[in-house]
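I opened my notebook to look up how two parts of one chain meet, and then to follow a single residue.

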Amino acid sequence: MKKQFLSLLLILGFCSGLVAQDTKKEVKYGQYNGLPRQDQAMQKWRENRLGQFIHWGLYAIPGGVWKDKTYEGAAEWLQISAKVPREEWEQLIHDFSIEKYDPNEWAAIAKEMGVKYVTITTKHHDGFCLWPSKYTEFDIEATPYKKDLLGEFVKAYTKAGIDVNFYYSILDWRHTGWRYDVKSIEDAEAFETLMEYSKNQLLELIERYPEVKGFWFDGTWDKSWKLNGKFSYELEKAMKDKSPGLVVSSRMRADEYGKRHIDSNGRLMGDYYSVYERRLPLPWDEEITKMDWECCMTVPENQWGYHQDWSLSHIKSPLELTEMIVHAVSQNGNFLLNFGPMGNGDIRKEERFIAKEIGKWMDENSEAIYGCGPSGLQKQDWGYFTKNNKSGKVYMNVFNNPVIGKYRVKLKKGQTLKKASLIGKQSEALHLEQISKTVYFVVPANVNTKDPFVIVLEIEEKESRKFHQKALT
Ligand code: H76
């Protein structure tokens, strides 16, 4: 009986081995470099944690309104939702005078908010380019502004110590070579010209703005792009050959089987996972904490470009957004919060307010954000643990206050809780109630439980290896 059972196990094991071998594909154009990257540029990307997304282009002028009609859809898609003929849309170029555009002021707002990086739309789906491109006439040079808007932007943000990244849309409603699908030789030839155009522009961007730290891709969900995995692999290589530290989002890529983000052998493409658009991994996803990833978020429900009417959907409060930042960091993610500057170059007052309020939080608590990631501890109902990867300090970011007024912490085996204190008041130790070897209640006195707050934990790890060595000698 025992023997039979053993041989059954062996057979099963053998079969599953075969199956595993069968499903392992030969993927030539999947993941480009080994992940997770540990080079300096990638570590900086990881430490930055909070970023500002900027959607700016011609769509900011109509701001969701076309011929007196307000469209509820995303303002940057107005050309499609209002069925505006291309030639008519192009006329907007003459109204892009952006007299209030002051990149130094933008950078100051971003800095006050506490962002460490910014990602700006160099070209969105309508094809309009914020820099004077050699490869098109439909760019900033053709506007009354004429000057290199993007260059000024890069300069101002870089001077403020904020890493600049470029968003680039492959999907292009204006380019004659763009196709949703490739169904004929004619389609293939046309799409070839779009790919060439994209490659030229991306390399042009790197050349013109060597400060650029990374690229974020969009409009890469089309069948035409998925059919060209080899091209996207080679493009990633070409870009990184030109600028070795570049950090590229997984949205850029498909493999030769048309798989996006994750290749046919389950390996991430690009440098970080970029599917969390307007959502977070909820409530806890163990797998995601082992990857580099980023969440991008809008303030209204779904508006990226400037929309005149923000009463059409829920507007997230600074507090909601702050909780999302902490939530992302607790699971090893970056948080990219979107701004949609106005057609005249100004930043709307609601966004200025949000930046200020988040900035206040960051001023006091950024030590629990920058350079932080998952703590390895079991999530608790009061909020989110984060951990500074260098100092080893653990932070309890409290967003849901328990009525009992005590905050549960469950450590891992071999850990001891040495001290808990409020952030910024680390000389005053909070009372600890030990329940079992690894479970404690932290009992803070005199905290305002109406607002979120952060507790710093000092945890001692039992040095088991040293102990072991001693025992041997
Ligand atoms: C759909 C879509 C696009 N992806 C978001 C990041 C916005 O740019 C939106 O227009």
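I looked up the meeting of the two domains and found 16 residues of domain 1 in contact with 15 residues of domain 2, where contact means heavy atoms within 4.5 Å. The model is predicted, so local features need pLDDT of at least 70 and side-chain atom pairs count only at pLDDT 80 or more, while totals for chains, interfaces and linings use all residues. Residues are numbered from 1 along each chain as its sequence is written, and side-chain values use heavy atoms, with hydrogens and water left out.

I noted the bounds as 40-370 for domain 1 and 375-472 for domain 2, which come from an automatic or database domain assignment.

Next I checked the area, and the two domains bury about 1400 Å² between them, 61% of it on carbon and sulfur atoms; this is the accessible area (1.4 Å probe) that two parts lose on being put together, summed over both.

I then looked for charged pairs and found a count of 1 salt bridge between domain 1 and domain 2, the term being a side-chain nitrogen of Lys or Arg within 4 Å of a carboxyl oxygen of Asp or Glu. Glu47 forms a salt bridge with Lys390, with the closest N and O atoms 3.3 Å apart.

Lastly I turned to Asp172, which is buried with a relative accessible area of 2%, where buried means under 20%, exposed over 50% and partly exposed in between (1.4 Å probe, protein chains only). I saw that the side chain of Asp172 reaches the backbone nitrogen of His175 at 3.0 Å.

Definitions and conventions. A polar contact is a pair of N or O atoms within 3.5 Å; within protein, one must be able to donate a hydrogen and the other to accept it, and residues adjacent in sequence count only if both atoms are side-chain atoms.
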